[in-house]
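This report describes selected features of one protein chain. Please examine the sequence and the structure before reading on.

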Amino acid sequence: MSVVEARHVTKRYGEVRALDDVSLVFPEGRFFALLGPSGSGKTTLLRAVAGFVEPEAGEILLDGEDIAHTPAHRRNIGMVFQNYALFPHMSVFDNIAFGLTVRGTSRADARERVHRMLELVRLPGMEQRKPRQLSGGQQQRVALARALVTEPKVLLLDEPLGALDKRLRQEMQIELKQIQRAVGITAIFVTHDQEEALTLSDQIAIINEGKLVQVGAPNEIYENPHSVFAAGFLGDANILRGRVENGIVAVEGAGPVAARGALPPEGSPAVVAVRPEKVRLSAEASAEGVNRIAGRIFQAVFSGTSVTYIIETAVGTQRAFRQNAGERIYGVGEAVVMEWSPEHTVVVEE
Ligand code: ADP
Ligand code: MG
């Protein structure tokens, strides 16, 4: 069993709280993404798990055991970095075999394991190449093979696809997930890219300013963000601010908005989030008394498969997303009505 757990981990650099009382369980065999903006503490948390950063408070546990005093090379954890960090003068074989050589594995055993790793990352026959003779994607596969060859309990990946162009990154995302599944390893993946987090992970933890914002399955967080930050960082959201009056949210300029779940107390401020794809757009309001805002098309962003409308309303700029199923595309300046159901209206914290 290889479960990693962080308990109340805090790390400061001078005045900066890189990690502020972070508690998280990384379940066995799962792909777990740490998602947050640049400088939010993701790398610090990963390095604390790896043993390169010593938390000043809190514990890191591996299979239930505190590993605070276990040096990095004894933690049996594999790591892949953004900048590959391959040894440039060494062949692919020697790069991958490095961890085995250090451990005194026999040459024959090493050869067999490296061979298996190269099959796994789909680079068979590349043993004698030097890193500079490989593309960026291939180098990153070698780095992955090198991290996995010692059969670590946990695989840590710090923005490993960040240096690749978009197309290659998407290919590598799918491949990385396949490899992780095939090996069945517990993986912790750092990214600032929400799409990447959604594509790859079984679980996501959103981090901001060293604090844990929300943790859950991708769809759970997406459909149920707890805060304005979570709603906006994982996906796109229309945010409406109002006050609770008679059991609904009164939004000045938009009329009453009914929401799912519990509201703050009567008379208090309330904030709700609505995903753009949950919004229906029409030229006229429907007969049902659902949540609605009237506005004007400010921009229609056509992407081929879909159109994202940016709409000017009395409560600011809002968004509506529509699959391109062949309907007419609204023109700039056209009057429209946005409507959505209370079920898709989530109360969030400011
Ligand atoms: P992320 O990986 O999310 O971009 P980091 O964990 O690298 O964020 O950094 C979190 C915060 O800690 C940032 O404000 C960063 O400047 C600071 N920090 C990280 N490492 C160091 C260090 N070695 N010395 C001083 N400050 C650091
Ligand atoms: Mg980082």
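This is a predicted model: local features need pLDDT of at least 70, side-chain atom pairs count only at pLDDT 80 or more; totals for chains, interfaces and linings use all residues.

The side chain of D20 meets that of R17 in a salt bridge, with an N to O distance of 3.4 Å. R17, by contrast, is partly exposed, at a relative accessible area of 38%.

## Two partners for E175

E175 has a relative accessibility of 8% and therefore counts as buried. The side chain of E175 forms a salt bridge with R141, at 3.0 Å from N to O. Since E175 belongs to helix α5 and R141 to helix α4, this contact ties together parts that lie 34 residues apart in sequence. Both of these residues are buried.

E175 also forms a salt bridge with R122, where the closest N and O atoms are 2.9 Å apart. This pair links distant parts of the chain: R122 is in the loop between α3 (107-120) and α4 (136-148), 53 residues from E175 in helix α5 (residues 166-183). R122 is exposed, with a relative accessible area of 54%.

## Salt bridges in the whole structure

How many salt bridges does a search of the whole structure find? The search finds 21. Elsewhere, salt bridges link E5, R7 and E59 in a network.

## The covered helix α1

Helix α1 spans residues 42-50 and is mostly covered, with seven of its nine residues buried. These buried residues are K42, T44, L45, L46, A48, V49 and A50. Just after α1 comes G51, which takes a positive phi of about 100°.

Key. Residues are numbered from 1 along each chain as its sequence is written. Chains are lettered from A and ligands numbered from 1 in the order in which they are written. Side-chain values use heavy atoms; hydrogens and water are left out. Buried means under 20% relative accessible area, exposed over 50%, partly exposed in between (1.4 Å probe, protein chains only). Helices (H or I, at least four residues) and strands (E, at least two) are DSSP runs, numbered from the N terminus. A salt bridge is a side-chain nitrogen of Lys or Arg within 4 Å of a carboxyl oxygen of Asp or Glu.
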